[in-house]
Amino acid sequence: MKVFIVFAHPELKSFNGSFMKATVEHLEKKGHEVRVSDLYREHFKCVVDEKDFLNFKDGDRLKVAFQSYLANSEGKLTEDVYRTQANLAWADLVIFQFPLWWYTMPAILKGWFERVYTCGYAYGVGVHDETHYGDRFGEGVMEGKKAILAVTVGGSKTHYSPRGINGPIDHILFPITHNILYYPGFTVLPSHITYETDKAGDKEFNDSLNAFLNTLDNIDTVVPIAFRRQNFGDYEMSSLQLKEGLEQPNETGFDIHIKK
């Protein structure tokens, strides 16, 4: 298996850093090929601007999506974006590892998606007609590849439960798992969450690590999140709303977009 790890934490001596290194060692020992993109050590540029598009003309108005499409179609993206897209094309499994900061990913990782997911590559592709609305949400450039989040959280599991003050963790991560990973076609596996990492000792670290490594060792049997596919009958194409009656009784919000 070819595994690409996108790692976003500023400290290698952290829980995250140790977790990532142990994961790499385990995978390589098992005979897998592993590539790591350590965004902080690479000083990955995480702000989109005109420098991202080598065909941008000084003095023009920057329309990001349009310029992204032109640069993508003309082969005028930057080297770091092409290198990352090559790693994504190479990988069978992509692991995104990061701490949950302010209920989302660190800014450097958000910027990674904004720069790497260029128009014509990850979005804005495919046929648009009355039966099909582009290659996304179950189709796209990542179709056939698996992705999983490995997330550390400061709060307790009860804080992120259905009745917890922060809301359910799966809902907090939905904009990432569904709207970012599933969008271009990844098969998204259930996220691996480690709670209360600031208080974690050796036992908590090893318990979480071993559970994650067990998931990786049995990756072919892990049941993915059953997100509904956009273009295969569940949604009205005119409005992209879920058809009436497909949700469970009293089911609302993000939950209706997952088949039960």
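**Pockets, cavity and helix packing in the predicted model**

The lining of the largest pocket comprises 11 nonpolar, 4 polar and 3 charged residues, where Ala, Val, Leu, Ile, Met, Phe, Trp, Tyr, Cys and Pro count as nonpolar, Asp, Glu, Lys and Arg as charged, and the others, Gly among them, as polar. The structure is a predicted model, in which local features need pLDDT of at least 70 and side-chain atom pairs count only at pLDDT 80 or more, whereas totals for chains, interfaces and linings use all residues. Residues are numbered from 1 along each chain as its sequence is written, and side-chain values use heavy atoms, with hydrogens and water left out.

The largest pocket has a volume of about 380 Å³, and of the 18 residues that line this pocket, the closest to its centre are I169, D170, H171, D255 and I258. On a 1 Å grid over the protein atoms alone, a pocket is an open set of points with protein on both sides within 12 Å along at least five of seven lines, a cavity is a set of points where a 1.4 Å probe fits but cannot get out, and lining residues have an atom within 4 Å of a point. Grid points are joined across faces, edges and corners, and a volume is the space filled by probe spheres set on the points.

By this rule there is 1 cavity of 30 Å³ or more; the largest cavity has a volume of about 40 Å³. Its lining is formed by F15, N16, F19, Q97, A150, V151, T152, H192 and T194, and the elements that give two or more residues to this lining are α1, β4 (146–152) and β6 (192–194). Helices (H or I, at least four residues) and strands (E, at least two) are DSSP runs, numbered from the N terminus. By class, the cavity lining has 4 nonpolar, 5 polar and no charged residues.

Helix α3 (residues 79–90) and helix α4 (residues 107–116) pack at an angle of about 90°, with their axes 10 Å apart, so α3 is roughly perpendicular to α4 (65 to 115 degrees; under 35 is roughly parallel, over 145 roughly antiparallel and the rest oblique). Axes are lines fitted to C-alpha atoms, for helices over the stretch in contact, and angles run from 0 to 180 degrees between N-to-C directions.
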